[in-house]
Amino acid sequence: MMPTTSAYLCKLRFPLLLNLTPFLNPLTSSLHSQHCFFSSTPSHDTASYALNRRQFLDSMRNLNNIDTALNFFEKMITMNPSPPPKDFTLLFTLIVRLKHYATAISLIKRLCSLGVRPNVFTLTILINCLCRLRHTNLGFSVMGIMFKIGMEPTLVTINTIVNGLCVEGNVARAVSFVDDMDKDKFGYRPDVQTYGAIINGLCKMGDTPAAMRFLKKMEERKCEPSVAAYSAVMDALCKDRLMSEALCLCSEMVSKGIRPTIVTYTCLIHGLCNSGRWKEAAVLLSEMMMQKGIFPNVQTFTILVDAFCKEGLIMGAKSIIGYMLQMGVEPNVVTYNSLISGYCLQNQMKEAMNVFDLMANKGCLPSIVTYNSLIHGWCKIKDVDKAIYLLGEMVNKGLHPDVVTWNTLIGGFCKARKPLAAKELFFTMHKYGQLPDIQTCAIILDGLFKCNFHSEAISLFREMEQMNLDLHILIYNIMLDGMCSNGKMNDARLLFSSLSSKGLKIDIYTYTIMIQGLSKEGLLDDAEDLLTNMEEDGCLPDMCTYNVLVQGLLRKYDFSRSRKYLQIMKAKGFSIDATTTELLIYYFSTNERDNDLQEFLQKG
């Protein structure tokens, strides 16, 4: 009976994820063996295979599903004599192309258990699969066995390990590994793929300067960087908003005879659009099409649509989509999402829904991003009923709401002055496999306070603490601000005094909220003491901190201390805000004979 894919995965799971030893034992045994242990009786399939090997392999190359691949494997292991190792290698390569990495590992394991000695190419495929599954350490173990039995890994093997390390974000170890393999003991000289993997890894980590140094290192070692390596660095420079450097690097690349690709142009156009350099983006697009004969693909067009939409230029975005269609390029879900988001930003929800319907007519399935944009749009104009309807539709279509969906809905209900419904959504999240994050907690607590549901906010906050959520200082700031605004200074003081014992770092916003609350309550001595404590704790007051203290002093007509802090503000280069200015004008109008005040205002 034909084994299922799940059966192979069950065999694989334990050795792959928990313990490599059960897997390495049959591998090691077969590597030391020089024989194959198949049936000694030739079968009809064997004779047919020998006569029609080319046809068999051509048929194998056309496989497009994993069940067919498993069928091929079962036939091959029953043949006598065994098919040559390169035929098994071809099958494993095709399975990897289907991205069934775990199945490929399981088949290689089974082949080894039958006593077949894998060659360097099969083991390199095995290492590649382990790396793709983010188990590069296990890939190292397999390579260690290769060295142990005298099997020489190829540079492709080394590059596979390097790429795996970089994908896992362990670029430093990848660099160290390459340096070790490059020494006289091993003599593996890094090639363009080796450096390319490291450069790509550095760019993804955001270490663009290091990536540029590796580009130079390649040149110094007479290893010409590929257009992919240059494009990766240019993309990183664009994301860092270093457009001049990215364009210079492109010019340098072209001067060396390396032609830009659609990927190169797309990342540069994206960077220019994000920097608001529209004219240069248009020039580059024209150069790409007219001079280089490279036509935009769906990614290039989508970047332009997205850039226009973010600038509020919806008509321009629609023109680009029209041109796309003329060029025979169909918009994808990302293109439609950009247009929908653009309409939602302009509160044009009818048009946004028309695009949504167009997607369905074109057979383009909406994504979680599509629904989140529409839900945000309806919440923005406080039509929460339509937002909830979309949530239901989304779930019915098998899409799982993420934390962004819930945060948007909770925020929308709070803005629509329906905070209790928002609170209900907060507790509904877990039924859909989502836990509230810091932003969720902040949105619901802030919404409850702003809608004057103070006791509900405090009650929910206590529940959050009992839920062992990792509450940030931001959440405590919201609570303190809500308590102070509602005149519950004693509660606020108790909560404030507990922050240090909770291991929280009190920030400038925490101190400013408390100083403002104390000042409004007329507890000016306490507010001034807290300002002193704040400075002693190394948290320097800012312009807002001084303004709220001065406002409290002016409201109590305490100009002596008001002038003191106004002079400190002036010395620090801080400006007075509109509220402080209004209070000063009022104070001056009622105390025109106050010489000290007149003198201060004249000097100010």
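Reader: Why is Asn452 called exposed?

Author: In this predicted model, Asn452 has a relative accessible area of 54%. Exposed means over 50%, buried under 20%, and partly exposed in between (1.4 Å probe, protein chains only), so Asn452 counts as exposed. Asn452 sits in the loop between helix 26 (438-450) and helix 27 (454-466), helices being DSSP runs of H or I with at least four residues, numbered from the N terminus.

Reader: What makes the phi of Asn452 worth a mention?

Author: Its phi is near 65°, a positive value in a residue other than glycine. Most residues other than glycine have a negative phi.

Reader: And what makes Tyr557 partly exposed?

Author: Tyr557 comes out at 46% relative accessibility, so partly exposed is the label. Tyr557 also has a positive phi, about 55°, and lies in the loop between helix 32 (543-555) and helix 33 (559-572).

Reader: Why is helix 28 called largely enclosed?

Author: Because ten of its 13 residues are buried, among them Ile473, Tyr476 and Cys484. The buried residues pack against helix 26, helix 27, helix 29 (489-498) and helix 30 (508-520), with contact meaning heavy atoms within 4.5 Å.

Reader: What are the ground rules here?

Author: Residues are numbered from 1 along each chain as its sequence is written. Local features need pLDDT of at least 70 and side-chain atom pairs pLDDT 80 or more, while totals for chains, interfaces and linings use all residues, and side-chain values use heavy atoms, leaving out hydrogens and water.

Note on methods: Helices (H or I, at least four residues) and strands (E, at least two) are DSSP runs, numbered from the N terminus.
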